[in-house]
Every structure is written in structure tokens, then in C-alpha cells.
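Good morning. Please have the sequence and the model open while I talk.

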Amino acid sequence: MATQDDIDEGDGRAVEIAGHRLGGAHFTIIAGPCAVESREQLLQSARAVAAGGAAMLRGGAYKPRTSPYSFQGLGQEGLRLLAEARAHTGLPIVTEVIDPRDLPELLEVADVLQIGARNMQNYALLTEVGRCGRPALLKRGLGATLDELLMAAEYLLAQGNESVILCERGIRTFETAYRFTLDLMAIPVLKSRTHLPVIVDPSHAAGRRDLVLPMSLAAAAAGADGVIVEVHPRPAEAICDAAQQLPCDEFADYAERVHAVAAQVGKIPATGVTA
Ligand code: PEP
Ligand code: MN
């Protein structure tokens, strides 16, 4: 059940994540690589984003790939590395669940379970994640309406899991100049329909590094509760999503600029330090 502490501050309810708050008056940057590729790659990313102002670390150990022949993630080894990165930086871990059978291992490591766009309407997965009670980050499906996203969120809420974060990550349109079309209107509309925090993923929406900063600034200006952004020590060598990941050495400047816009609309930048 939500406590009075959860009912905040500003324009919505904050979700409590390992002593951190996402939503309400806070603006949270979740950053890290698309996929966990190696110990060195993950720890370098984790240190860079922790030092640069991220409040949480992302990284996929299980990757939902369009082709079954593409890299599917390091699996349990990836989870072990995420645990190590958390021990080094103190940042809570956001990582994707694609199969309920992986939940026992994921629950050892994940502070937030990400449900990817391709699984937004995987109702068996939603029900299991709802049951397990861990905070969930639910991404909008590639072709899902906001009603469908909210109904998918209900599957989590109906199991008693009230720690749900919604994520706009771009939808498919006729435009081909970028990977997806970031639907920024989803932010105020979702916020008018629910008290759940709403964040934006500019990386997967754009598919292009150069669009990540402007779309993050726009998301912050439109009232998002945070962003989830891909960062890699050597983006050109990334096993997946090479074109959209920000280099680690640009992250601090990126975070400072996004936090500045968030502050303009009354949000307090969340830090990696436990509140
Ligand atoms: C991801 O964030 O790693 C991802 C696969 O994103 P999406 O589900 O939005 O495509
Ligand atoms: Mn990715």
C-alpha cells in the first residue's frame, strides 16, 4: 500500500527505489549501457554516470532482440556484473526482465525491473512482475496507445504492486529520419490521467546520438519525471545500439544541461546518494 510519504510533493506520487525517490518533485536520470557487455565496459560506464549525476544505473543482462541471431545478453553473468557495479557506485540497478523464469535471479540484483516495449502487452509477464512487488519500469509499446499503456500498467497495479513507472520511448510512425517518433504529448496526457511517474527514453526513440540531448531537454521541459539514457565508454564498439549511445565523457555535461531544464520547471535533480 502507498504510505502518506509516497503521496508527495508536486504533481504525482513518488516511487521508492532502494531509498531513492523517483517522481513527485524529483527529476531522475537513469543512465548506462544498452547491454552489459563486459566487466570493464560496465564498470567504466557505471563510474562515469555516477560521477556525472545519474541517480540509477541501467544495463540489460537479458536483451529482447529483433533477430534471434543477435547478441541476447550475458544473462546471469550480466546480473553478477550489475551487482558488482552497484557495490562500486551505490547506484540502484534498472534491468530488463523478458521471461518470468528469470525472476528469481533478477530479484537478487534488480532494484527496478524494466518491462520492454516489445513486452508491454505480455500479460503473463506483467502479472508475475506485479506479484513480485519490485518497482517496475513499464515502457510503451511501439504501436501502443496511451490507453493500452495504462491498461498494461493496471496488470501490475492489480497485483498490488503500486511502484510502477511509465516510460515513453517513441512510437512507430511513417517518419524514417529517426528510429521512432518521440511522443512528448504523452507526458502531460499521462500525468493528467494517472499519478504514476512518467519518464522518457530519448535514446531508443531517436536511434541517433545527436538527438538525445535536445529530446531530453524537451522531455524535462514537458514535465517528465526523468529520463533513461544509454551511455557507453566506446559507443562505436557497442554490441547493440551503437548509433544512439552517448560516450561516457559527454555524460556529465549532458546531465548538467538536462537537470538545469528540469530545475526550471520546479524539479529537484535526484542524485545517486540515498535520500
Ligand atoms: C532497452 O531499454 O534496453 C530497450 C530494449 O528498450 P525498448 O524496450 O524501449 O525498445
Ligand atoms: Mn538499447
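First, conventions. This is a predicted model, in which local features need pLDDT of at least 70 and side-chain atom pairs count only at pLDDT 80 or more, while totals for chains, interfaces and linings use all residues. Residues are numbered from 1 along each chain as its sequence is written, chains are lettered from A and ligands numbered from 1 in the order in which they are written, and side-chain values use heavy atoms, with hydrogens and water left out.

Which residues coordinate the manganese ion, ligand 2? They are Cys-34 through SG, His-204 through NE2, Glu-230 through OE and Asp-241 through OD, at 2.0 to 2.4 Å. Donors here are N, O and S atoms within 2.8 Å of the metal (3.2 Å for Na, K and Ca); water is not among the atoms, so sites may look incomplete. Along the chain, the donors follow the spacing C-x169-H-x25-E-x10-D. Two of them, Cys-34 and Glu-230, link distant parts of the chain, 196 residues apart. Cys-34 is in the loop between strand S3 (26-32) and helix H1 (39-52), and Glu-230 is in strand S10 (residues 226-232). Helices (H or I, at least four residues) and strands (E, at least two) are DSSP runs, numbered from the N terminus.

Are Cys-34 and Glu-230 buried or exposed? Both are buried, where buried means under 20% relative accessible area, exposed over 50%, and partly exposed in between (1.4 Å probe, protein chains only).

Asp-241, another donor to the manganese ion, lies in the loop between S10 and strand S11 (246-247). Its phi is positive, about 55 degrees, although Asp-241 is not a glycine. Most residues other than glycine have a negative phi. Ala-18 is also not a glycine and has a positive phi of about 45 degrees. Ala-18 sits in the loop between strand S1 (15-17) and strand S2 (20-22).

Now ligand 1. Arg-58 has a polar side-chain atom 2.8 Å from an oxygen atom of ligand 1.

Last, Arg-65 is in the loop between strand S4 (56-58) and helix H2 (76-89). Arg-65 counts as partly exposed because its relative accessibility is 24%.

Conventions
Polar contact = N/O pair within 3.5 Å; in protein donor to acceptor, adjacent residues only side chain to side chain.
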